[in-house]
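Subject: The structure I promised you

Hi,

Here is the structure we talked about, and below it is what I found when I went through it. Have it open while you read.

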Amino acid sequence: MANDWKFLGRFLDVPETTIDNIETENKSQDERSYQVLISWRRSKASKATAQSLLMAVQDVGNVEAIESFYRHLDERHVEGTATSE
């Protein structure tokens with residue numbers, strides 16, 4: 001997602017001024033991605049859900065991130081099943 005952080009921020013309704021500030025204040029694409037997610041989470045509070053994030057990632061079209069998200073969910077489900085027995 002590092003290269004798509006601006007698009008993701010826009011799909012998450014992060015204000016353009018915030019996106020500009022993040023770009024100015026951070027050199028690393030990874031850090032910019034992180035900061036846009038932090039900003040989104042703070043501004044949306046209870047509306048900042050995994051579902052809304054996944055929808056935004058799908059809108060951006062980052063297939064690799066979507067696949068990684070689903071793999072993570074599968075791993076957590078398998079781990080949760082194994083520990084509950």
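The accessible surface of the chain comes to about 6100 Å², and 50% of that belongs to carbon and sulfur atoms. (Accessible areas come from the Shrake-Rupley method with a 1.4 Å probe, and for residues only the protein chains shown count as cover.) Of the 85 residues in the chain, 25% are buried. Here buried means under 20% relative accessible area, exposed means over 50%, and partly exposed is in between, with a 1.4 Å probe and protein chains only.

Before you read on, a word on where this comes from: it is a predicted model, where local features need pLDDT of at least 70 and side-chain atom pairs count only at pLDDT 80 or more, while totals for chains, interfaces and linings use all residues. Residues are numbered from 1 along each chain as its sequence is written, and side-chain values use heavy atoms, with hydrogens and water left out.

Now the overall layout. The chain has five helices and zero strands, so from the N terminus on the elements run α-α-α-α-α; helices (H or I, at least four residues) and strands (E, at least two) are DSSP runs, numbered from the N terminus. Among contacts in the chain with a separation of 6 or more, 51% are between residues 24 or more positions apart. A contact means heavy atoms within 4.5 Å.

What sits in the middle of it? Let's look at the largest nonpolar core, which has 13 residues. A nonpolar core is a set of buried Ala, Val, Leu, Ile, Met, Phe, Trp, Tyr and Cys residues joined through side-chain atoms within 4.5 Å. The residues with the most contacts inside this core are Trp5, Leu8, Leu12, Val14, Ile19 and Val36. At least two core residues come from each of α1 (5–11), α2 (16–25), α3 (29–44) and α4 (50–60), and α4 gives the largest share, four residues.

Two of those residues deserve a click. Val36 touches Trp5, Gly9, Val14, Ile19 and Ile22, not counting residues up to four places away in sequence. Val14 lies in the loop between α1 and α2 and is buried, with a relative accessible area of 5%. Leaving aside neighbours within four places in sequence, Val14 is in contact with Gly9, Ile19, Val36, Ser39 and Trp40. Val14 and Leu37 are 23 residues apart in sequence, and their C-alpha atoms are 8.9 Å apart in space.

In that loop between α1 and α2 you will also find Asp13. Is Asp13 buried or exposed? Asp13 is exposed, with a relative accessible area of 54%. Its phi is near 65°, a positive value in a residue other than glycine. For background, most residues other than glycine have a negative phi.

Next, a helix pair. Two packed helices are described by the angle between their axes and the distance between the axes. For α2 and α3, the axes come within 9 Å and cross at roughly 145°. (Axes are lines fitted to C-alpha atoms, for helices over the stretch in contact, and angles run from 0 to 180 degrees between N-to-C directions.) The crossing of α2 and α3 is right-handed; a crossing is right-handed if the near helix is turned clockwise from the far one by less than a right angle, and left-handed if anticlockwise.

Which residues make the contact? From α2 they are Thr18, Ile19, Ile22 and Glu23, and from α3 they are Arg32, Gln35, Val36 and Ser39. These divide into three nonpolar, three polar and two charged. (Ala, Val, Leu, Ile, Met, Phe, Trp, Tyr, Cys and Pro count as nonpolar, Asp, Glu, Lys and Arg as charged, and the others, Gly among them, as polar.)

Thr18, in helix α2, is partly exposed, with a relative accessible area of 24%.

Finally, Ser33 is found in helix α3 and is buried, with a relative accessible area of 11%. Ser33 and Trp5 are 28 residues apart in sequence and 4.9 Å apart in space, C-alpha to C-alpha.

Happy browsing!
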